[in-house]
Amino acid sequence: MLPIHQVQVISQLPDVEQRLVSAKYQQPKATELDAHDAQAEIALLITNLLVDAGYKDSQSEKVIFNLTTRVFDDMITRYKHLTLGELKIAFNEGVRGNYGEFKGINITTISFWIKSFEASEYRKNALQHFNKLLGLQTPKPPPCPAQTEALLQKACANAYADFCAGKNFTLIAKVIYN
């Protein structure tokens with residue numbers, strides 16, 4: 001689970017970017033799940049994919065088992081850095097023809113969709129946008145006692161220099177005591 005400030009950063013992204021970043025950081029990888037659970041998740045994704053593609057044998061256990069086994073093997077070897085949420089997006093975009101002409105559901109097509117998803121400029125830009133926003137909003141750790149003392153001494157020295165120069169130092173005094 002992501003820390004609360006990272007979840008807040010995700011909520012600031014545009015909707016499509018939220019979907020991509022959430023899939024990357026809030027969904028498990030196949031390697032993080034028990035093999036049986038990962039295969040069950042992949043089987044569900046493949047079943048939905050077959051339905052979306054209009055296959056009449058979308059409930060065929062033989063077809064689902066075969067594709068599930070092949071995709072699972074790829075997810076724990078070739079694509080172990082991808083999450084199941086990202087796999088779902090690759091399937092959804094692929095079946096809609098966003099990664100080229102639809103040529104049926106098989107392991108070759110699925111691998112092409114996954115590679116196309118990985119190379120997607122929009123995916124890369126969404127992750128870069130998230131990381132940029134995250135970098136701007138990463139909370140700074142509180143200063144240690146030695147750093148606090150050094151900051152206080154510097155503020156006092158600056159306030160004294162301003163006093164000697166006849167400047168108003170009330171704002172600095174407020175910073176020191178807040």
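Me: What is the average pLDDT of the protein, and what share of its residues score at least 70?
Reply: On pLDDT, the predictor's confidence in each residue from 0 to 100, the protein averages 86, and 90% of residues score at least 70. The model is predicted: local features need pLDDT of at least 70, side-chain atom pairs count only at pLDDT 80 or more, and totals for chains, interfaces and linings use all residues. Residues are numbered from 1 along each chain as its sequence is written, and side-chain values use heavy atoms, leaving out hydrogens and water.

Me: Which elements have the lowest and the highest mean pLDDT?
Reply: Helix H9 (residues 170–177) has the lowest, 51, and helix H5 (residues 84–95) the highest, 95. Helices (H or I, at least four residues) and strands (E, at least two) are DSSP runs, numbered from the N terminus.

Me: What makes H4 meet H6?
Reply: Contact means heavy atoms within 4.5 Å. Leu-67, Arg-70, Val-71 and Asp-74 in H4 therefore meet Ile-107, Ile-110 and Ser-111 in H6.

Me: Why is the crossing of H4 and H6 called right-handed?
Reply: A crossing is right-handed if the near helix is turned clockwise from the far one by less than a right angle, and left-handed if anticlockwise. H4 passes H6 in the right-handed way.

Me: What is known of the largest pocket's lining?
Reply: H5 supplies its largest share, five residues. H2 (15–25), H3 (35–52) and H5 each supply at least two.
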